[in-house]
Amino acid sequence: MTDSIPDVHRAWVVVRRGKPNQALEFKNDWPVPKDLQPGEVLVKVQAAALNPVGFKLMRMLPNLFASRPHVAEHDFSGVVVNANGTSFSNGDKVFGWIWMDSQPKTRQGALSEYTKVPADHIVIRPPNVTPVQAAGIALTALTAYQSLQGIAKVELDQTVFVNGGSTAVGAYAIQLAKARGAKVVATASGRNEEFVKKMGADEFIDYTKEPLVQRLTNNPPSTKYQVVYDTVGLINPSLYTYSAKYLAPNGVFISTGPLPKSLGFSDLWNTVKTIGAITIPTWLGGVNRKYSMVLVENKSQDLQALQKLFADGSMKPVVDSTYNFEDALKAYDRLMTRRATGKVVAKVDPDVD
């Protein structure tokens, strides 16, 4: 199989700062990364998923800090075409991700026909999960898993509040919390109520009907939440600053990260306020609740645990929409509407499901 690997391939490459239609170029002659180091494998990509952090970093980071050009995105499914002496075999059907911290060095990404990746960043794709479904699992499901399993250590009969239940991270967080026997209260806009309840939420809050913090402070739960998980990455810190009203004293507020949408004054000021709320100690008037920001890491044991949860049906993939590889910019347009319920996926191989 390695003899048939081409020298160049097609790839969406981040070449400059800006929105995806400004930052990305579609290359037909991007070099295939054949220079594998020990422990790396080469994967022929079947499908790749888009992530909000992808377009946010395109828009925010100057070239000096972004190591451009590099192939875009992180999540993929595919087939191993050079196992390179690892525990995998050529022909293995896998899914996994390219860790964000490694991308500046390797310049690898998921939006390409081939990608090289450390073997501990991939797992065998379960037969009950299609390539398109599997492409959107790794980054978002790992984020949810490391938040609820690693940070919060969610237990039976606790109550988890998920802000942003229709996001991919939120949908996986609901499923994980339910798999651990917790009760889940989740927010989304009213049009996504059915989706959020299908994921397993016990209670639903439509955040468009009333400001969320006002709703929670005026109608606090009879038993305070053990976890408040903000999967939206709110810039405004009020959900945390008022959390003593609805978060148990020994509970934890977890955020996927208050990444500004722009460098405008309003977003930057809210970011400063959030940093202040997090860092000011209680004796100086700070918030008397634990705050934790999840920084997703590659942990092979976590990826393997997720693989088993999807294989036995405890968790189900969430795909919002699929696009042809050449139409990745349209896929980003869909993602940037912030209306996607689940993952937006580009089919690198047009013949996969």
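The following questions and answers concern a predicted model.

User: How many residues of the contact of H6 with H12 are nonpolar?

Analyst: H6 contributes Ala138, Ala141, Leu142, Tyr145 and Gln146 to the contact, while H12 contributes Asp302, Leu303, Ala305, Leu306 and Phe310. By class, 1 of the contact residues is polar and 1 is charged. The number that are nonpolar is 8.

User: Which element supplies the largest share of the lining of the second largest pocket?

Analyst: The second largest pocket holds about 200 Å³ of space. Of its 13 lining residues, the closest to the centre are Lys183, Val185, Glu203, Pro221 and Tyr225. At least two lining residues come from each of strand E10 (183-188), strand E11 (203-206) and helix H9 (212-218). The largest share, 3 residues, is supplied by E11.

User: How many charged residues does the lining of the second largest pocket have?

Analyst: The lining of this pocket includes 6 nonpolar residues and 4 polar residues. The charged residues in the lining number 3.

User: What volume does the largest cavity have?

Analyst: The model contains 1 cavity of 30 Å³ or more. The volume of the largest cavity is about 60 Å³.

User: Which elements give two or more residues to the lining of the largest cavity?

Analyst: The largest cavity is lined by Asp230, Leu234, Asn236, Pro237, Leu239, Tyr240, Phe253, Ser255, Pro258, Thr274 and Tyr291. These lining residues comprise 7 nonpolar, 3 polar and 1 charged. The elements that give two or more of them are helix H10 (238-241) and strand E13 (247-255).

User: What is the bridge partner of Val14 in E4?

Analyst: Strand E1 (residues 8-14) runs antiparallel to E4, and 2 bridges join them. In E4, the partner of Val14 is His70.

Technical notes:
Residues numbered from 1 in each chain as written. Predicted model: local features only at pLDDT ≥ 70, side-chain atom pairs only at ≥ 80, totals over all residues. Heavy atoms only, no water. Contact = heavy atoms within 4.5 Å. Helix = DSSP H or I, 4+ residues; strand = E, 2+ residues; numbered from the N terminus. Nonpolar A, V, L, I, M, F, W, Y, C, P; charged D, E, K, R; others polar. 1 Å grid on protein atoms, 1.4 Å probe; cavity = no way out; pocket = protein on both sides within 12 Å on 5 of 7 lines; lining within 4 Å. Points joined across faces, edges and corners; volume = space filled by probe spheres on them. Pairing = 2+ DSSP bridges.
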